[in-house]
Amino acid sequence: MTKSLIRLRMGTNDAHYAGNLVDGAKMLQLFGDVATELLIRHDGDEGLFVAYDNVEFLAPVYAGDYIEAEGEIVNVGNTSRKMTFIARKVIAPAPNAGITAAEVLAEPIIVCRASGTCVVPKDKQRRVGP
């Protein structure tokens, strides 16, 4: 099926809580962007996100972290597109090594997983498939 991946650095403007903790809703925003790309690639239209049926926040995200958000269309209906998403922390600040230090994580940390459904009305589907 069709896949998409984006990578983004979390900034201090993304931090919502003490200690530069990023709001979990930021991961859902990234998943929304991934879903939009998937629908454009699959149908030639942005479609509409209808619902998440599962969301798991698994690890904290902080300002300075680099997050990879990946999604995949796993089921195609008449107008619905079932998708799964995963967000991983791939780079993290290393303040003990210096104020501007960061490190690539040897093993990415899964910070969020989700699944949901998007819809592309029949009259908006300009193509079906990659």
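**Entry: strands.** I began with β6 and β7 (residues 102–119), which pair antiparallel over 13 bridges. I note the rule: two strands pair if DSSP finds at least two bridges between them. Strands are DSSP runs of E with at least two residues, numbered from the N terminus.

The model is predicted, so I kept its limits in mind: local features need pLDDT of at least 70, side-chain atom pairs count only at pLDDT 80 or more, and totals for chains, interfaces and linings use all residues. Residues are numbered from 1 along each chain as its sequence is written, and side-chain values use heavy atoms, without hydrogens and water.

Next I looked up strand β5 (residues 66–76). Ten bridges join β5 to β6 (residues 80–93), and the two run antiparallel. A hairpin of three residues links β5 to β6.

I then followed Met-83 in β6. Which residue stands opposite Met-83 in β7? I found Gly-116 there. Ile-73 also stands opposite Met-83.

**Entry: cysteines.** How many disulfides does the structure hold? I found zero. A disulfide here is a pair of cysteine sulfur atoms within 2.5 Å. In general, a disulfide is a covalent bond between the sulfur atoms of two cysteines.

Why does Cys-112 form no bond? Its closest cysteine sulfur, in Cys-118, is 15 Å away, which is too far. Cys-118 is likewise in no disulfide.

I checked burial last. Buried means under 20% relative accessible area, exposed over 50%, and partly exposed in between, with a 1.4 Å probe and protein chains only. Cys-112 is buried, at 0%. Cys-118 counts as buried too, at 1%.

Methods. Helices (H or I, at least four residues) and strands (E, at least two) are DSSP runs, numbered from the N terminus.
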